[in-house]
Amino acid sequence: AIYSDSDVIAADGKRSQPAFKPDFNLDLLPGFDYVGPGVWLRSEALQDVGAFAEAPGADGYDALLRVHDRYGAAVIGHISDMLLHLPEA
């Protein structure tokens, strides 16, 4: 599993609200979903850990916790680059 830093991009291409995320930290994650919507998983791992949370927006968070429970923290990586650009609301 991997996740990256993110920001918000406007229709005119202007970027704002950067989210510089920490490396994986199981002590921090239950109190604050710092990962956000951009979590990438291998399809095999996704099939192995089962269904997602039913709460909208919690699917990446839930999947990351399930991957940790199944495989451990060593398989979760953080890419400290802005790879995810969320649309401006």
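This is a predicted model: local features need pLDDT of at least 70, side-chain atom pairs count only at pLDDT 80 or more; totals for chains, interfaces and linings use all residues.
I number residues from 1 along each chain as its sequence is written, and side-chain values use heavy atoms, with hydrogens and water left out.

Buried here means under 20% relative accessible area, exposed over 50%, and partly exposed in between, with a 1.4 Å probe and protein chains only. Strands are DSSP runs of E with at least two residues, numbered from the N terminus.

Entry two, on pairing, which I count if DSSP finds at least two bridges between two strands. I found strand 1 and strand 4 (residues 77-87) paired in the parallel sense over eight bridges, with P87 of strand 4 as the bridge partner of I9. Strand 3 (residues 39-40) runs antiparallel to strand 1 and is joined to it by two bridges, and there I2 stands opposite W40.

Entry three, on the hairpin. Strand 2 (residues 15-19) is antiparallel to strand 1, with three bridges between them, and S6 stands opposite A19. Five residues lie between the strands of this hairpin, where I noted a positive phi near 90 degrees at G13.

I placed S80 in strand 4, and it counts as exposed because its relative accessibility is 55%. Its C-alpha atom is separated by 9.1 Å from that of S6, 74 residues apart along the chain.

Notes. Helices (H or I, at least four residues) and strands (E, at least two) are DSSP runs, numbered from the N terminus.
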